[in-house]
Amino acid sequence: MSDTFYGKFVEEMFKDKLKPEEEQIYLERFGALHAAVGIAGEAGEVLDEVKKAVFTGKNMYLDNLIKEMGDLEFYMEALRQQLRISRDETLNNNWRKLSERHGDNESIEDYYKGQ
């Protein structure tokens, strides 16, 4: 039994479909895949919301975009939980990568304070 929100979500989703001995195998092998596929799908839906606004010239429906971004955040957190990494670890590593690429010396804390 998982102690993470996402682990519990996956367990609940498949509780009647898996034998007890298969449950842990599923969580270990397919939980990350499920999350990654979810990220791809939700990223496509975010893109579609923005595309509609750009190419039709109509107002962007922020309510829809916020919902899709929430779904994307759900799957991002799910993948982090499956990989046992934190959001801070992800952001800090990304900041280091971008700083090396662009030569920016500002700290991640200062950057996010300015947002």
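Me: What pLDDT does the chain average?
Reply: The model is predicted, and pLDDT is the predictor's confidence in each residue, from 0 to 100. Of the residues, 75% score at least 70. The average pLDDT of the chain is 82.

Me: Which element of the chain has the highest mean pLDDT?
Reply: Among the elements of the chain, helix 5, residues 108-113, has the lowest mean pLDDT, 61. The highest mean pLDDT, 92, belongs to helix 3.

Me: Which helix gives the most to the nonpolar patch?
Reply: V50, V54, F55, M60, L62 and I66 make a nonpolar surface patch of about 610 Å². At least two residues of the patch come from each of helix 2 (20-56) and helix 3 (62-83). With three residues, the helix that gives the most is helix 2.

Me: Is I66 buried or exposed?
Reply: I66 is a residue of helix 3 and a member of the nonpolar patch. Its relative accessible area is 54%, and a residue counts as exposed when this value is over 50%. I66 is therefore exposed.

Me: What distance separates the C-alpha atoms of I66 and V46?
Reply: I66 and V46 stand 20 residues apart along the chain. In the predicted model, the separation of their C-alpha atoms is 8.7 Å.

Me: How far apart are the end C-alpha atoms of helix 4?
Reply: Helix 4 covers residues 87-102, which makes 16 residues. The expected span is 1.5 Å times one less than the number of residues, so helix 4 should span 22 Å. The model agrees with this expectation, for the end C-alpha atoms are apart by 22 Å.

Me: Which residue follows helix 4?
Reply: The residue that follows helix 4 has a positive phi, near 70°. That residue is G103.

Me: How many aromatic pairs come from the count, and which form do F74 and Y75 take?
Reply: Rings pair if their centres lie within 6.5 Å, and by this rule the count comes to one aromatic pair. F74 and Y75 form an aromatic pair with 5.1 Å centre to centre and 80° between the planes. Planes over 60 degrees apart count as edge-to-face, so the form of F74 and Y75 is edge-to-face.

Me: Is Y75 buried or exposed?
Reply: F74 has 24% relative accessibility and counts as partly exposed. For Y75 the relative accessibility is 17%, and buried means under 20%. Y75 therefore counts as buried.

Me: What is the relative accessible area of R80?
Reply: R80 forms a salt bridge with E77, the closest N and O atoms being 3.0 Å apart. Both residues lie in helix 3, three residues apart, about one turn of the helix. E77 is partly exposed at 31%, whereas R80 is buried, with a relative accessible area of 7%.

Note on methods. Residues numbered from 1 in each chain as written. Predicted model: local features only at pLDDT ≥ 70, side-chain atom pairs only at ≥ 80, totals over all residues. Heavy atoms only, no water. Patch = residues over 30% accessible without salt bridge, like charges linked within 9 Å, V, L, I, M, F, W, Y side chains within 5 Å. Areas by Shrake-Rupley, 256 points an atom, 1.4 Å probe, with all protein chains shown as cover. Salt bridge = Lys/Arg side-chain N within 4 Å of Asp/Glu carboxyl O. Helix = DSSP H or I, 4+ residues; strand = E, 2+ residues; numbered from the N terminus. Buried < 20%, exposed > 50% of the residue type's maximum accessible area, 1.4 Å probe, protein only. Phe/Tyr/Trp six-rings, centres within 6.5 Å; stacked < 30°, edge-to-face > 60°.
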